[in-house]
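Student: I have a structure open and would like to learn how to read it. Could you take me through it?

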Amino acid sequence: MKILELKNIHKSFGEKKIHQGVNFYLEQGETIALLGHSGTGKSVLLRSIIGLEQIDQGEVIFRQQRIDQLDEESYYPLRTKISYSFQNAALFDSLSVFENIAYPLFEHTKLNETQINQKVEDVLKIVNMSQAKFLMPSDLSGGMQKRVGLARSMILNPEILLYDEPTAGLDPVNTDMVIDIMNEFKARGFSGIFVTHDIPAAKRVCDRFLLLRDGKIYFNGTLEEFNHSNDPFVLTFGSTHRSRHDVP
Amino acid sequence: MKDLKAGLILTGDILDFTKDVFTRLFSKPFYWGRLFDQIIQLGLGSLSISIVIGFITGLVMTLQFGYGLAKFGGTLYVPAIVSVSLLRELAPIFTSLLIAGRVGSGISAEIGAMNVTGQIDAIRALGTSPVRVLVIPRVLATVLTLPLLATLASFTGIIGGMLISYIEFGMPAGFYANKVLSTIVFADIFGSIFKCAFFGLVISILACYRGFHTKEGTRGVGNATTWVVVRSSIIILISDFFLSKIILVGFYQ
Ligand SMILES: Nc1ncnc2c1ncn2[C@@H]1O[C@H](COP(=O)(O)OP(=O)(O)O)[C@@H](O)[C@H]1O
Ligand SMILES: [Mg+2]
């Protein structure tokens, strides 16, 4: 079943055309990789899905409902179901790790303090950050911040998680942890879009591979099709984009 | 011509933003805890400096008027002149300019830094409204505390005047107090509160608006604070003239 579908998305910033007819869908329970050179509009596309950016034309459909024309207030409940994990983690720097992760719980649930504490501890265990509960974001390394950011975006059990380069700039150990987290989330039946330059990482998580080029989806296929593609662009992409290029 | 157009567009944007703030003010959720935090931070944080400013102004004014009027045998009028000018103009204006510098720059720097680091987007992405979470508590806190601070500054200024009147001109404190109380009317206090509430709105709205529109990283944050302090100070001074006129016509005749 299609849980999310993008139809003919167009988006420009002033004269600069970013998306010129993006089409794809996401099946329930699958995680797809969204690849593409820097600046092709991968982040803008994820942001458009949850209305952080306004698209100029096209449709975003979530569970058979159009969501691209909502006003800002109507997006709020939706954003608990489709969650965005930021490229730079975007933690609240005046709040502790615990407060950052608990923020969505305080806002959107009626849980009491004990229950919230329990939930936060559970998710901290999943992202391997239990020891950092009372630290401030400025005390954390980039990799730890990303894991906290992931924890914060999963705490409400969203149906879809949009990962914006979750492994960018991470060392192999942190990368492995993030991949495990994503697979854990996938194993629970949730769906995801994994924006990355890190092809090996994507291959460990994703069922399908999409390539964004010149404002359109240039390639859309399974891991098998991606591996065996003869298309020159797909080939260069696969061979030139390794994680060492993957610096934001 | 181009500047005029840009200025009009900006004004329109700021008014739209103000409308956004007011429409969300009366719908849930409302963050009492955050409002309380801001009142403590903005209000208590500016308390001592407001007291000092009011007190010093009172001292200086009394000194100047005392010697100035002594030549014409008008020392008796010092309590009335000092208290009325403090209450109606000096304390509101000085306190508001001070708050524009202290609180206005603080708000725009904080929100601006959150904006350039993606934290405003994070608030939205987590299904909450930056206007409710950040703006409304700051605007309300400024609008509520600035009039109180200005009133306090007037009061300490009048006390300062009492001190100087006694020390320099040998005027008994009781006489001074009597003169002050028989001069001040309710409209003086109300006018001060009204003006300061308006100035508080101007400062906090400009600061929040500019914070949300901060670009270009750290330098942008610096530009934003300067912008807010300069603009809100100018607006305070200009609108003071018109507000004073309105209050004079409306409440003293
Ligand atoms: N708010 C904005 N205003 C203007 N241009 C933007 C804005 N956000 C992104 N862009 C531009 O859109 C293009 C795509 O950006 P982005 O989606 O971040 O790329 P990436 O694929 O690397 O994630 C970039 O050229 C960027 O400069
Ligand atoms: Mg990006």
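Student: How many helices and strands does chain B have?

Tutor: Helices (H or I, at least four residues) and strands (E, at least two) are DSSP runs, numbered from the N terminus. Chain B has eight helices and zero strands, in the order α-α-α-α-α-α-α-α from the N terminus on. Its C-alpha trace spans about 70 × 45 × 35 Å along the principal axes.

Before we go on: this is a predicted model, in which local features need pLDDT of at least 70 and side-chain atom pairs count only at pLDDT 80 or more, while totals for chains, interfaces and linings use all residues. Residues are numbered from 1 along each chain as its sequence is written, chains are lettered from A and ligands numbered from 1 in the order in which they are written, and side-chain values use heavy atoms, with hydrogens and water left out.

Student: What share of the residues in chain B is buried?

Tutor: Buried means under 20% relative accessible area, exposed over 50%, and partly exposed in between (1.4 Å probe, protein chains only). Of the 253 residues in chain B, 47% are buried.

Student: How is the size of an interface given?

Tutor: Often as the accessible area lost when the parts come together. Here buried area is that loss (1.4 Å probe), summed over both parts. Between chain B and chain A about 1,600 Å² is buried, and carbon and sulfur atoms give 50% of this. Counting contacts (heavy atoms within 4.5 Å), 19 residues of chain B touch 19 residues of chain A.

Student: How many salt bridges are there between chain B and chain A?

Tutor: The count is four, where a salt bridge is a side-chain nitrogen of Lys or Arg within 4 Å of a carboxyl oxygen of Asp or Glu. B:Asp121 and A:Arg47 form a salt bridge through their side chains, at 2.9 Å, N to O. On the side of chain B that touches chain A, α4 (119-125) and α5 (130-169) are the elements giving two or more residues. The most come from α4(B), with six residues.

Terms used. Buried area is the accessible area (1.4 Å probe) that two parts lose on being put together, summed over both.
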